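Let's take a walk through the inside of this protein together.

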Amino acid sequence: MAEEHETAHDAIAVVDFGGQYAHLIATKVRRLHVLAEIRQPEDPIEAFRKYKGIILSGSPALSSQGEDSDYTKEIYDLEVPIVGFCFGHQEIAKHYGGQVVHGGREWGPASLHLVRDHPLFAGLGKVERVWMSHFDSVVSVGPGFEELGYTMLGEGGAGHRFAAIGSDTHRRYGVQFHPEVDDTEHGDEMIANFVLRICGCRPSWTMERYLEEQVERVRRQVGDHSVFLLASGGVDSTVAAKLFAMAVGADRLHLLHVDNGLMRKDESRKVVEMLRALGLGRHAHFVDASDDFLRALAGVVAPERKRAIIGETFIEVFEREARRLGIEDHLLGQGTIYPDTIETGGTKRADTIKTHHNRVPIVEEMIAAGKVVEPLAELYKVEVRELGEQLGLPRELLWRHPFPGPGLGVRLLCSDGIEDREGFGEIEPAAARVAEQYGLAALPLPIRSVGVKADLRSYEHPVLLHGDAGWERVLEAAGMIFRHVPGINRCIWNLGPRLPREARPVQAGVTRERLDLLREADAIVMDGLRRSGTYDQIWQCPTVLVPLALDGQGCELVVVRPIHSERAMTATPARLPEALLDEWRESILALPGVAGLAIDVSTKPPATIEWE
Ligand code: XMP
């Protein structure tokens, strides 16, 4: 987690019980210009004393069963207001003598009927559209508490009491729904009412102030030393570079761009040019370390192993270059952002979905020794982009698609050539049955990719779907497969002319030849997105090579993964123009060794954006 630091701002703690949206709550509070920090439920009570209010998030745990009830309950002794959403709402009800039962579940939209005027709902209508997702329900409240609202499912539909509760004496409030999601129509106003009216926070946290504070903080941390930053050319490290230049001066900032052999076509050359053009080039160093990376990755198949090797090799190269260039007494600068930490299992409840390159063990050791400086570690991508604007960086750069630190290394699947058909006895007929209902055929693939299910890492099989069902139906079919077929975390849609009868893994590692092929396919995809005007409409579009022969032909299946996302924590597949897909069919299927082409139609969860 980000290091502790004093703040001059009124701040809100968001207690992360492991639900999907704790980060979203924090972002929404910060949009009100009030600092919000994510805290863990078992953080010591001292950590909570500096806040002017506390928000308890949702959780996959069941409050009715007493799950996850072991947290710092002393927060309830603090005098500041507390509000709970979903699980947090139930915990507050329970703590003050109310009752929570397993039942009364609601999913999706509901109408909240407000019983009386209350500051929490100031400025809102008598009936509000809210978003629900719960198994458990509050069925009674304790002394001093009252019902502020109930829900009705449709006109005259079944009622659900205690959807909003509160006690002005205790200054404790709870809502069963999720005000933080965009589908709760006036959720932002409810959060604003809590933060600004009820807690009385002064809105002083702006990007300008954040920038000033980070500049100060970097100056303090760096002292008389210098910063040596690994600059990939991506949004995060470039914004970090600009901030460091402002904080310690360009003379004490060294940038190192490493060609790890896993970059896109011509990327390294462009990055070095870009850094110079931004005036960051006084000490911009470049090293071609592709041999080191490829040697270290030779023969490695397991995704987490590949990630670890890439992260470690970065540090080896970094230290070697620092010695060679005579840069002593430096701190390692990184453009780490909040999701990098969360996905690496950086909090107690968060599972390691993927180890991000800037969070491998050796970096963690350096962090513990105070050798790393990361001014963006609390931000999400949208906030980094906003900060970049503040720093005057060009728009085209800030709105580039994210590109992962381990680069094409996590988009080049490897295999020892052995078929992995675990569970296929059940998977094959089940997938075929579901697909058939949508007029599709299904071929489960005997390899695996990484995904995330119920906030846990998964490593399961993809299914190749084939047929002319149309985009919407294919997405529905994928959703049904995820729901009903165990062992599947990804669905892809065949763009080839027919469904192959069989897919066999081909022995393949990280090699220059394969990377060159992936670079070609990726360049075709990126060029097509830009020419068709689609690039700016989507969040990201990885191209992936999967070492499979289809019906004995070729040795690589190319998969394109266009997605929409807000913060990369969740994602939905993006529909692309037919003409673009036709173009890719022609050009990508003609590349040497390519056995097939498919489009990834999986949401995140259960798939992740990248395949490894
Ligand atoms: P996933 O695949 O976990 O990715 O859904 C979420 C977002 O993070 C990017 N990503 C990374 N970025 N270092 C990075 O800097 C990494 O190791 C890394 N792994 C994934 C990914 O491209 C997506 O935007």
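The paragraphs below start with the cavities and end with the sulfur atoms.

First, a word on the ground rules. What you see is a predicted model, in which local features need pLDDT of at least 70 and side-chain atom pairs count only at pLDDT 80 or more, while totals for chains, interfaces and linings use all residues. Residues are numbered from 1 along each chain as its sequence is written, and side-chain values use heavy atoms, with hydrogens and water left out.

Searching the whole structure turns up four cavities of 30 Å³ or more. A cavity here is a set of points, on a 1 Å grid over the protein atoms alone, where a 1.4 Å probe fits but cannot get out, and its lining residues have an atom within 4 Å of a point. Points are joined across faces, edges and corners, and the volume is the space filled by probe spheres set on them.

The largest cavity holds about 850 Å³. It is lined by 44 residues, and those closest to its centre are Asp236, Asp340, Phe403, Pro404 and Gly405. Where does the largest cavity lie? Domain 2 (207–406) and domain 3 (424–600) both contribute to its lining, so it sits between them; the domain bounds come from an automatic or database domain assignment. At least two lining residues come from each of α5 (235–248), β11 (253–259), α8 (303–325) and α9 (338–343). These labels follow DSSP runs numbered from the N terminus, with helices (H or I) of at least four residues and strands (E) of at least two.

β4 (82–85) and α3 (187–198) each supply at least two of the lining residues, and the largest share, three residues, comes from α3.

Finally, the cysteines. With a disulfide taken as a pair of cysteine sulfur atoms within 2.5 Å, the count is zero. The sulfur of Cys199 is 5.2 Å from its closest cysteine sulfur, in Cys201, which is too far for a bond. For Cys491 the closest cysteine sulfur, in Cys541, is 18 Å away, again too far.

Conventions. 1 Å grid on protein atoms, 1.4 Å probe; cavity = no way out; pocket = protein on both sides within 12 Å on 5 of 7 lines; lining within 4 Å.
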